[in-house]
Amino acid sequence: MSDLLSLIIAKYNYWLYVLLMMIGLYGMIAKNNLIKKVVGMNIFQTAIILFYVSIGYKTGATIPIIKSTDTGHGVIIRAAEYINPLTSCLMLTAIVVSVATFGYAMALAVRIYQRYQTLEEDELRMRLSEE
Amino acid sequence: MHWPIDIIVLTLVIFCAIAALSVKDLLVTAILFGAYSFLMCLLWTIMGAVDVSFTEASVGAGVSTVFFVAAIFRTSRRTKD
Amino acid sequence: MLYGTGEFPNWGDPKSPASLHVSDYYIEKTFEDTGVPNFVTAVVTDYRGFDTMFETAVIFTAGLGCFLLLRDFRGKKEHYYRHVPTGVILHVKDDKKTLKVGSEFEYMDKEWVPPDLINKTVCRILIPFIQIYALYVVAHGDYSPGGGFQGGVIFGSSLILLAISYNLKTLVKRIKEKLLGIFAAVGVLIYAGIAAICMPMGGAFLDYGKLAPLVPGDPHHIRALGMLGVEIGVGIAVMAVMVIIYINIVSEGRHDEGL
């Protein structure tokens, strides 16, 4: 029992991230409105970014900027004092791509509304099959 | 890093996400989406990734909400589900 | 997926495999190689500069796609004018007869709101400060969190603030659409250009170290200067694309009315 408890305490955050990802996936698949699907996609993307950033965290370490810049070439920088910077930089690109996709999806939604006067998926299907 | 603040913010994030997907008015979704983005930014600051959280603050709670509201302005505001 | 998390290392463990092998090299050698204290900016623009170049291309493509999808060059067929002294609204249905806009008549959007003085004045004062802050964020990307992309987004949102507080026509008159398109393309070209100049100087594609003979000054700092130039390119491209996407969404491509 204490083994399970220590397992939960050490890893509870991963389960919450998985829950967030599933919420986003549910929104993408099960909602009828197109804009809600896009919101679900964005929730999914930010949950994945959260997961990656949390991998690079070290207990007791500080942000990835060197503390004093007059180190020159003499002082050694200990790697255990700084959190892992690699995961953050890959996620910067992911955030940029997610905002570009979001802007483009909004433009597509406006265009679809101009053409078909609706944004619900079942009504869209009916109007498409009538043409 | 303090685990109580982490759990509180994570719970709020999950509530925001569930609420943003279930309301019927799209403007409420836009505001909740902005709040969700800001809480994510807080989470990343807690974990130490300051560059990621700066980017998310400027993009998610700024420009992304503006695009959303502009798109709602040009399409309808109510949804059926 | 929940079962897979059983195999993960504990949270915050300094000995987890993600933090052990590769990132130690980056943390220890970044300051010696490049002279830049912010590890994340150094990795993003220097060690993995190829990714950032294509990310800029992705943003440019999104802006281009929004422009191609929504832009409507036909313009509206009916115009609304408002006689300023009396407040009478004229609805001119014919496209060919246009009234001369001057001190008597002014253009009007279909949903016209009376101009709010407090709103306009406060935003007018704030916008230059926001722009200075955006340039500060771009320039200090090496020493504090920030960088090219964040500064570009802040600059773009200051222009969107101008469009929201006044009306869209003010923004379109000040910053023409052709200028925005040129800015977006120039941003990507600056990035690719700096990367391509390294090749004739004898290095690989993104090797800023070989640019030393071209720039007067301390050759130790050449990598940091290359990073700064690249970030300026990214900032310009992102700023232009944010404004392009906003203008096209809010006016359905016609560039006349707006929020």
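Tutor: Two residues are taken to be in contact if their C-beta atoms, placed from the backbone, lie within 7 Å. With that in hand, residues 24 or more positions apart account for 53% of the contacts in chain A that have a separation of 6 or more. Please keep in mind throughout that this is a predicted model.

Student: What share of such contacts in chain B comes from residues 24 or more positions apart?

Tutor: In chain B, residues 24 or more positions apart make up 55% of the contacts with a separation of 6 or more.

Student: What are chains A and B built from?

Tutor: Chain A has four helices and zero strands, running α-α-α-α from the N terminus on, while chain B has three helices and zero strands, in the order α-α-α. The C-alpha trace of chain B spans about 45 × 25 × 10 Å along its principal axes.

Student: Changing topic, how confident is the predictor about the complex?

Tutor: The complex is given an ipTM of 0.90 and a pTM of 0.87. Chain A has a mean pLDDT of 81, with 81% of its residues reaching 70 or more, whereas chain C averages 78, with 69% of the residues scoring at least 70.

Student: Now the contact between chains B and C: how many residues does each supply?

Tutor: Chain C contributes 18 residues and chain B contributes 14 residues. On the side of chain C that touches chain B, helix H5 (148–165) and helix H8 (222–250) each supply at least two residues, and the largest share, seven residues, comes from H5(C). Sorted by class, this side of chain C has 12 nonpolar, five polar and one charged residues.

Student: Tell me about H5(C), then. Is that helix mostly covered or mostly open?

Tutor: H5(C) is mostly covered, as 15 of its 18 residues are buried. From its first C-alpha to its last H5(C) reaches 26 Å, close to the 26 Å expected at 1.5 Å a residue.

Student: Which residues touch the most other members of the largest nonpolar core?

Tutor: That core has 113 residues, and B:Phe67, C:Val241 and C:Tyr246 touch the most other members. H8(C) gives the most to this core, with 19 residues. In soluble globular proteins, nonpolar side chains tend to be buried together. If neighbours within four places in sequence are left aside, C:Tyr246 is in contact with B:Val66, B:Phe67, B:Ala70, C:Ile160 and C:Ala163.

Student: I also had my eye on C:Thr56. Why does C:Thr56 count as buried?

Tutor: C:Thr56 counts as buried because it has 28 C-beta neighbours inside 10 Å, and the cut-off for a buried residue is 20 or more. C:Thr56 lies in helix H3 (residues 49–70) of chain C. Leaving aside neighbours within four places in sequence, its contacts are C:Gly187, C:Val188, C:Tyr191, C:Val234 and C:Ala237. The C-alpha atoms of C:Thr56 and C:Phe149 are separated by 9.1 Å, although these residues are 93 apart along the chain.

Student: And C:Leu70, what is it in contact with?

Tutor: C:Leu70 is likewise found in helix H3 of chain C. With neighbours within four places in sequence left aside, C:Leu70 is in contact with A:Ala107, A:Val110, A:Arg111, C:Asn248, C:Glu252 and C:Gly253. C:Leu70 has 21 C-beta neighbours inside 10 Å and therefore counts as buried. C:Leu70 and C:Arg254 are 184 residues apart in sequence, yet 8.4 Å apart in space, C-alpha to C-alpha.

Student: Last one: where is A:Gln117?

Tutor: A:Gln117 sits in the loop between helix H3 (85–116) and helix H4 (121–130) of chain A. A:Gln117 has a positive phi of about 60° although it is not a glycine. Most residues other than glycine have a negative phi. A:Gln117 counts as exposed because it has 12 C-beta neighbours inside 10 Å.

Key: Residues numbered from 1 in each chain as written. Chains lettered and ligands numbered in written order. Predicted model: local features only at pLDDT ≥ 70, side-chain atom pairs only at ≥ 80, totals over all residues. Nonpolar A, V, L, I, M, F, W, Y, C, P; charged D, E, K, R; others polar. pLDDT = per-residue confidence, 0-100. Core = buried A, V, L, I, M, F, W, Y, C linked by C-beta atoms within 7 Å. Expected span 1.5 Å × (residues − 1).
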